[in-house]
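Grab a pencil and have a go at the exercises below. Try each task before you peek at the solution.

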Amino acid sequence: MLIAAGVLAAILAFLLILRTSSTVSEWMASHFSRGWVTFFSKVTSVFPFSLYETLLYVAIIGCIALITVAIVFFCKKAPLRATTYLIVILLAGLGFGNVYTLTAGFSYYRETPQLPYYEAEYLTDDQKEELVFLAKFMMDDFNDIARTIERDEEGRVKGMPIDKLSALLVEEYKRLDVFDYYSTFTPRAKKITSKRIMSHMHITGVFFAPFGEANVNPLTPPSNLPVTVAHELAHSKGAMRESDANLVAYYITITSDNEYLRYSGYLACYKYLMDMILYFDASEYEKVFDFDGSIIKESVLNDAFWNKYDLLDKITEAFNDLYLKLQGQKEGTGSYVEPTLPPDTVQTPDPGGDGTLIERRYNLNTVQKMILKALDDRANDR
Ligand SMILES: [Zn+2]
């Protein structure tokens with residue numbers, strides 16, 4: 001058994017070294033991991049309940065049982081037998097580590113997802129007007145939806161059941177079939193039964209690559225649900241990094257013709273536009289971001305919801321942070337948010353005079369490039 005554990009540990013170490021090569025990771029993600037996830041997604045989609053959740057409970061109970069038996073044997077002065085049970089746990093852990101690295105681990109080292117992006121790397125003062133136009137265009141649509149969308153008595157959007165939302169997003173994701181970055185199969189999202197524990201952990205969803213299963217916390221506030229489901233499905237399509245899954249989820253929601261999806265997408269990513277407007281024209285800021293009262297009320301309700309569930313959030317965040325760092329994400333839980341980039345100031349000689357011209361450059365991150373392109377395309381379609 002110890003030899004088996006040694007072999008599994010050696011394979012795991014080899015895989016972890018191998019995945020630091022972006023070429024190998026891209027190949028593994030787009031061939032092996034994609035094939036595995038697609039196959040198991042199709043198999044697990046047959047079951048209406050979450051197999052991930054079932055496995056989690058079996059693993060916890062199995063672990064407790066094995067540790068208990070080991071303690072009993074230690075007490076009976078049979079350390080060799082006790083150690084055997086502990087080695088079983090070690091073998092299961094190493095075996096899982098290998099499967100997980102093969103199905104999910106390589107994808108953390110992939111390229112940035114393919115999407116339509118604004119082509120420039122930065123914006124200058126010359127593009128300020130265009131930027132303000134696009135931000136207003138988004139805010140008009142956001143406010144229009146906010147005023148007309150169906151809400152409950154408290155003011156939350158009514159949305160739709162997760163099954164229906166999941167089926168809608170499966171259709172929306174077909175728009176990404178033009179890019180070879182993504183797997184063409186999209187599983188349906190499943191509801192987690194332990195929704196209250198999950199809420200106390202501040203978890204809205206979990207994608208489990210070995211089963212190709214996208215699991216969602218059904219208590220997630222309805223205004224966040226489309227982005228949450230789209231995020232978990234983005235993992236299943238091959239966007240494993242958290243910021244990439246968010247990027248893809250924002251794209252699929254804000255470019256949708258469905259108002260509920262766009263509302264959720266805008267709510268999740270308007271801050272990326274705010275940052276640009278603040279840089280170029282702080283005086284325009286309040287005029288552009290004039291939110292309808294219903295959006296503000298909804299945000300307050302969402303915060304109140306998460307404040308109500310606060311028993312396990314700190315410990316869960318610590319574990320998630322550790323997990324993401326083990327997957328090579330230096331920022332840990334900070335990797336969900338794509339950071340905005342520091343702007344540059346470039347001096348060039350004035351062609352018409354003796355002085356210098358100063359150009360301010362707002363460097364665009366991937367999310368901002370995607371949002372600008374999406375809004376520009378939508379505005380041109382009108
Ligand atoms: Zn995620």
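Here are two exercises on this model, each with a worked solution. The model is predicted: local features need pLDDT of at least 70, side-chain atom pairs count only at pLDDT 80 or more, and totals for chains, interfaces and linings use all residues. Residues are numbered from 1 along each chain as its sequence is written.

**Exercise 1.** Work out how H8 and H9 are oriented to each other.

*Solution.*
- Step 1: find H8 at residues 225–237 and H9 at 242–254; helices are DSSP runs (H or I, at least four residues), numbered from the N terminus.
- Step 2: take the angle, about 125°, with the axes 8 Å apart. Axes are lines fitted to C-alpha atoms over the stretch in contact, and angles run from 0 to 180 degrees between N-to-C directions.
- Step 3: compare with the cut-offs: under 35 degrees is roughly parallel, over 145 roughly antiparallel, 65 to 115 roughly perpendicular and the rest oblique. So H8 and H9 are oblique to each other.

**Exercise 2.** Describe how domain 1 and domain 2 meet.

*Solution.*
- Step 1: look up the bounds, which come from an automatic or database domain assignment: domain 1 is 2–109 and domain 2 is 122–381.
- Step 2: their C-alpha centres lie 32 Å apart.
- Step 3: the contact takes 23 residues from domain 1 and 23 residues from domain 2, where contact puts C-beta atoms, placed from the backbone, within 7 Å.
- Step 4: on the domain 1 side, H2 (22–44), H3 (51–75) and H4 (79–103) each supply at least two residues, and H2 gives the most, with 9 residues.

Conventions: Contact = placed C-beta atoms within 7 Å.
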